[in-house]
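Please keep the sequence and the structure in view while reading.

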Amino acid sequence: MTKYTVQGTKSSPFIDFDPTSGVFEIRGESYPENCSRFYTPMFDWLASYMDSAPRTRTELNMEVIYFNSSTSKVFMDLFDMLDNEAAKGRNIVVNWRYHEENEIAQECGEEFMEDVSNVRFNLVEIPA
C-alpha cells in the first residue's frame, strides 16, 4: 500500500498517511470549498488501510489551526471511524495538538475527545 499524501493549500490541510510506520498527520487549516470532495479520497484510503494493514499501532497527529463547520463534521466522522476500528482491537492513538493560546482549538479537541471511547485521545499543548 502506498502513502496517502496531499499537499496543503491556504484552505486545505497537509495530509500524510504512512502505512509502513502507521503514523498519520493532518496539519494546517481546513475550509476547502467542497469538504466532501476534498476528504472523500482520504476516507477511501483509510478504509482500504484498515482492511489490509496489520493490526499494529496507528498514530494520528493532528494540528489544525482553523477549520470550518463542514470540516468539523468530517473530523467527527473520522474519529467515529477510528473509534470503531479501535473497538475491534486496533491500537489507535490520536494526538490533538494545539497552541496554548488557541483556546478554540483546545475546546474542539476536548469535545472530540468526549465522543470517542476506544481511541486513546491525547490533548497536546504546544507552547508559544
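## Fold and elements

The protein contains three helices and six strands; here helices (H or I, at least four residues) and strands (E, at least two) are DSSP runs, numbered from the N terminus. This is a predicted model, in which local features need pLDDT of at least 70 and side-chain atom pairs count only at pLDDT 80 or more, while totals for chains, interfaces and linings use all residues. Residues are numbered from 1 along each chain as its sequence is written, and side-chain values use heavy atoms, with hydrogens and water left out. Starting at the N terminus, the order of elements is β-β-β-α-β-α-β-α-β.

## Overall dimensions

| Property of the protein | Value |
|---|---|
| C-alpha trace along the principal axes | about 40 × 30 × 25 Å |
| Radius of gyration | 14 Å |
| Accessible surface | about 6,900 Å² |

The radius of gyration agrees with the value near 14 Å for a compact globule of 128 residues; this radius is taken over C-alpha atoms, and the globule rule is 2.2 Å times the number of residues to the power 0.38. Of the accessible surface (Shrake-Rupley method, 1.4 Å probe), 46% belongs to carbon and sulfur atoms. Buried residues make up 48% of the 128, where buried means under 20% relative accessible area, exposed over 50%, and partly exposed in between (1.4 Å probe, protein chains only).

Contact means heavy atoms within 4.5 Å. Among contacts between residues at least 6 apart in sequence, 66% join residues at least 24 apart.

## Helix α2

Just after α2, G89 has a positive phi of about 110°.

## Residue Q7

Q7 sits in the loop between β1 (4–6) and β2 (14–18). Its relative accessibility is 57%, so Q7 counts as exposed. Beyond its neighbours within four places in sequence, Q7 is in contact with P13 and F14. The C-alpha atoms of Q7 and R27, 20 residues apart along the chain, are separated by 9.9 Å.
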